[in-house]
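Subject: Structure handover

Dear colleague,

I am passing the structure on to you with this email, and it is placed directly below. Please have it open while you read the notes that come after it.

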Amino acid sequence: MILIVDDDADIRETLCEVLQDEGYSVATARNGREALDALRQAEHVCLVLLDLMMPVMSGREFLQRQSAEPKLASIPVVVMSAVWDDDGGTIAAFLRKPIPLPALLSCAEQYCVEKQRAGST
Amino acid sequence: MARHQHAPSVPPFVRSLEHLMDFVDTAAVGLHWVAEDGTILWANRADYEALGYSADEYIGHNIREFHAEDEVIADMLRRLAAGERLQNYEARLECKDGSLRDVQITSSVLFEETPQGKRFVHTRCYTQDVTERKRLEQARDRFVSILAHDLRNPLTSISVESEHLLKFDELAGKHRKGLERIHRAASRISRTIVDLIDFARRLGRQVAIEPQAIDFAEVCRRIVDEMQVAASAQIELKVRGNVQGEWDPERLEQAVSNLVRNAVHHGEPPFEVVVEDAGTDVLLKVSSCGPAIAPEAINSIFEPFSHISSTDGLRLGLFIVREIVAAHGGSIEVTSGSGAKTVFVSRWPRSRGDRR
């Protein structure tokens, strides 16, 4: 399952629809805190697509907390943002917004080998 | 008798030493002399008043007491004692009320020759307060960062959604064409935003690059393929010889993309991109045909906002290309006219050692 974390509802819906059409199962979260909750409850998350500037808990804080939890630390995170200064947290890749669709799909393909046909949660 | 390195003569129009001291004391820039051990020997009013001190509270004290960062002043004194000239060295000073001031210090040491060798007489420090400028720069960076976020989010929805929908075969005729136009427009806005934000974030600073081993031809091939689809233009790519080297992949892509886009947007076919081996450099030639660029426009073609008009836009693209080329130690020039051909030739040193 791919977890999309973005406070922008349009982006969540767009990415959800695109990835589902490509055969991936998808979940969404509106901020870092919701994302951590989702990761702790979910069984099998192969990739997190993470925005940085979000209310409640930012993407950077999410990265710090994720890396501090051994169960979550190994889940690959792709940061989607306008800028990435590479000043903290280890990430799998950075996709500059507006995200090029081929780059997004190639990330999904790289980290989520088995596509599952399922609805979003 | 000891002789100073430079012994400036007193101009005849300076009628007295008091006049000269008054001039120095009322200067807007902070001036001071510091001994080798850091003791402040003399300072003008601007120097100590900027920090909220009186002359007595400042002169005779050690300069280290007024620096907020110990390692910074230690480094400055070490370099100065070694005979180095500091130019706009950034430091933070602590005011009497505890607040901090960002300053740029230009300083060098006055040495005198003695029978025992060179003697450290005192530093000659010029201190410029840049606190307000720093504050404005930080505000600008915050503004640009928020603007980037706010503009890119809706653009992500538009571009990803339109590109995704274009994959569906059932979309045909005017609906497909309309969606293609939306997608092209979103890509154009996106590139303009990239250029604009890049420009605003770096104002006055050099482009930062992280070179790594890449194939120049591969980058050109990708850009040419993309542009052929996006602009429905035929672009010929010619690769001559070995064009491997170390460049910043993202910056190189941005430069090539801006050059090809500029050719397609402002020129006429045939469009050609040539990348060739030139020894320690790789040459990139991007050419188009059409009316020649006017000589007066050629001189300022790489300057930002040089040709602002409703049809040309901000013209930041070529300025950014020149900055990226310069950051790699290369150069760029344009020729236009002969054979109604306009050619942008850029030289890209292959590795750090080849950069001049």
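This is a predicted model: local features need pLDDT of at least 70, side-chain atom pairs count only at pLDDT 80 or more; totals for chains, interfaces and linings use all residues.

The interface between the chains

Between the two chains, 23 residues of chain A are in contact with 20 residues of chain B, and the area buried between them comes to about 1,900 Å², with carbon and sulfur atoms giving 57% of that figure. On the side of chain A, the residues that lose the most area to chain B are A:M53, A:P98 and A:L101, which together account for 29% of what that side buries.

The elements of chain A that give two or more residues to the side touching chain B are α1 (9-21) and α5 (101-111), and the largest share, seven residues, comes from α1(A). By residue class, that side of chain A divides into 11 nonpolar, one polar and 11 charged residues.

In soluble globular proteins, nonpolar side chains tend to be buried together. The largest nonpolar core in this model has 42 residues, and the members that touch the most others are B:F216, B:I235, B:V256, B:L284 and B:W348. Chain B elements giving two or more residues to this core include the helices α7 (216-230), α8 (249-266) and α10 (317-327), along with the strands β10 (268-278) and β11 (281-289). If residues up to four places away in sequence are not counted, B:V256 touches B:F216, B:V219, B:C220, B:I223 and B:L284. There is also a second, separate core of 25 residues, and among its members are B:V34, B:Y58, B:C95 and B:I105.

A residue in helix α5 of chain B

Helix α5 of chain B, residues 131-165, contains B:R135. B:R135 and B:D102 are 33 residues apart in sequence, while their C-alpha atoms are 9.4 Å apart in space.

With best regards

Methods. Residues are numbered from 1 along each chain as its sequence is written. Chains are lettered from A and ligands numbered from 1 in the order in which they are written. Side-chain values use heavy atoms; hydrogens and water are left out. A nonpolar core is a set of buried Ala, Val, Leu, Ile, Met, Phe, Trp, Tyr and Cys residues joined through side-chain atoms within 4.5 Å. Buried means under 20% relative accessible area, exposed over 50%, partly exposed in between (1.4 Å probe, protein chains only). Helices (H or I, at least four residues) and strands (E, at least two) are DSSP runs, numbered from the N terminus. Contact means heavy atoms within 4.5 Å. Buried area is the accessible area (1.4 Å probe) that two parts lose on being put together, summed over both. Ala, Val, Leu, Ile, Met, Phe, Trp, Tyr, Cys and Pro count as nonpolar, Asp, Glu, Lys and Arg as charged, and the others, Gly among them, as polar.
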